[in-house]
Amino acid sequence: MSQLQYTSDSLPTSEQFRQQLREANEHYDALDTLLSLQRELIALETKYGTTSEVAYQRYQAGEAGDDIELMWWVGRYRQYMQLKTG
């Protein structure tokens, strides 16, 4: 999974950013992304002893709180499901 990462000291020009974005899109592989997300979800499921689906349902029902890692987990699960069904 290709990621563009910058710091305040390494911001690209708009043209450099466009070029980097084009290159990232050319090298994008949905299967690699899906597998990477799956590994992340498995690690969280192991850590918390529940499935991503159950964690997502609890979050949607307002039963899981607003812990930053949980919200990140829910976002990754949504992305995983989008790729898997898309």
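A: Let's start with what counts as a helix here: a DSSP run of H or I with at least four residues, numbered from the N terminus. Keep in mind that this is a predicted model.

Q: Okay, how many salt bridges turn up in a search of the whole structure?

A: The general idea is that side chains of opposite charge can pair when their charged atoms come close. Here the search finds four. Take R18 and E15, whose closest N and O atoms are 3.8 Å apart.

Q: Where do R18 and E15 sit relative to each other in helix α1?

A: An α-helix has 3.6 residues a turn, so residues three or four places apart point the same way. R18 and E15 are three residues apart in α1, which means about one helical turn separates them. R22 joins in too: E15, R18 and R22 form a salt-bridge network.

Q: Which parts of the chain does the pair E40 and R76 link?

A: That salt bridge has its closest N and O atoms 2.8 Å apart. It links distant parts of the chain, with E40 in helix α2 and R76 in helix α4, 36 residues apart. R76 is buried at 15% relative accessible area, while E40 counts as partly exposed at 21%.

Q: And which residues of α2 are buried?

A: They're T33, L34, S36, L37, L41 and L44. These cover an arc of only 165 degrees around the axis, so they lie on the same side of α2. They pack against α3 and α4, and the face turned away from them carries the exposed residues L31, R39 and T46.

How values were computed:
Residues numbered from 1 in each chain as written. Predicted model: local features only at pLDDT ≥ 70, side-chain atom pairs only at ≥ 80, totals over all residues. Heavy atoms only, no water. Buried < 20%, exposed > 50% of the residue type's maximum accessible area, 1.4 Å probe, protein only. Helix = DSSP H or I, 4+ residues; strand = E, 2+ residues; numbered from the N terminus. Arc of directions from axis to C-beta. Contact = heavy atoms within 4.5 Å. Salt bridge = Lys/Arg side-chain N within 4 Å of Asp/Glu carboxyl O.
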